[in-house]
Amino acid sequence: MANLVSLALLLALLGALCRSADATAFEVGGDDGWVVPPASDGGMYNQWASKNRFLVGDSVHFKYKEDSVLVVTEDDYNNCRATHPIFFSNNDDTEVELDRPGLFYFISGATGHCERGQRMAVKVLGQGAPPPSPLAPPVPPTPPSPSAAAPGTSALAGAIAAVAMSLPVIMLTV
């Protein structure tokens, strides 16, 4: 029985390692960070989000000064209402893990910023989601950030997963 508990813990650990090895940290706003967009480009954050593919386990990183990041409901997003956020941060450096499939809604909590376009909706796909439809226009790849995982990390994660999957067979035949 203790062997089964140990095996379950080992498999859970290996599964977590595989997911984190493939996770991507997206830098919201690029070099400019999380700022009020120019008047001519109020939809810039949603345009950026639509060009990226977000999966469960990925994260979005916000850099800003004298501002805040709020995760809100769809209704609060549509009305730029910051009174009851699901999540709030104002530490100038916020990372939010995308921990479930579905839509995430982000707004600035600074007065007037959301109304001027400092808001973003992100659609998160579950792990193993099919690739985008071939009818959709191709999305240019996002250049890797300096903190991105080293090349070959996905291969390592695959090897770990293969070993983890073979462990029950090995343990059951002993």
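Two strands pair if DSSP finds at least two bridges between them, and strands (E, at least two residues) and helices (H or I, at least four residues) are DSSP runs numbered from the N terminus. The model is predicted, so that local features need pLDDT of at least 70 and side-chain atom pairs count only at pLDDT 80 or more, while totals for chains, interfaces and linings use all residues. Residues are numbered from 1 along each chain as its sequence is written, and side-chain values use heavy atoms, with hydrogens and water left out.

**View 1. Strands 4 and 5 lie side by side in antiparallel fashion.** Strand 4, made of residues 69-72, is joined to strand 5 by 3 bridges, and F88 in strand 5 is the bridge partner of L70.

**View 2. S108 sits in the loop between strand 7 (102-107) and strand 8 (119-125).** S108 counts as buried because its relative accessibility is 2%, where buried means under 20% relative accessible area, exposed over 50%, and partly exposed in between (1.4 Å probe, protein chains only).

**View 3. The side chain of S108 makes a polar contact with the side chain of D67, at 2.5 Å.** A polar contact is a pair of N or O atoms within 3.5 Å; within protein, one must be able to donate a hydrogen and the other to accept it, and residues adjacent in sequence count only if both atoms are side-chain atoms. Not counting residues up to four places away in sequence, S108 touches residues including W34, L70 and H113, where contact means heavy atoms within 4.5 Å.
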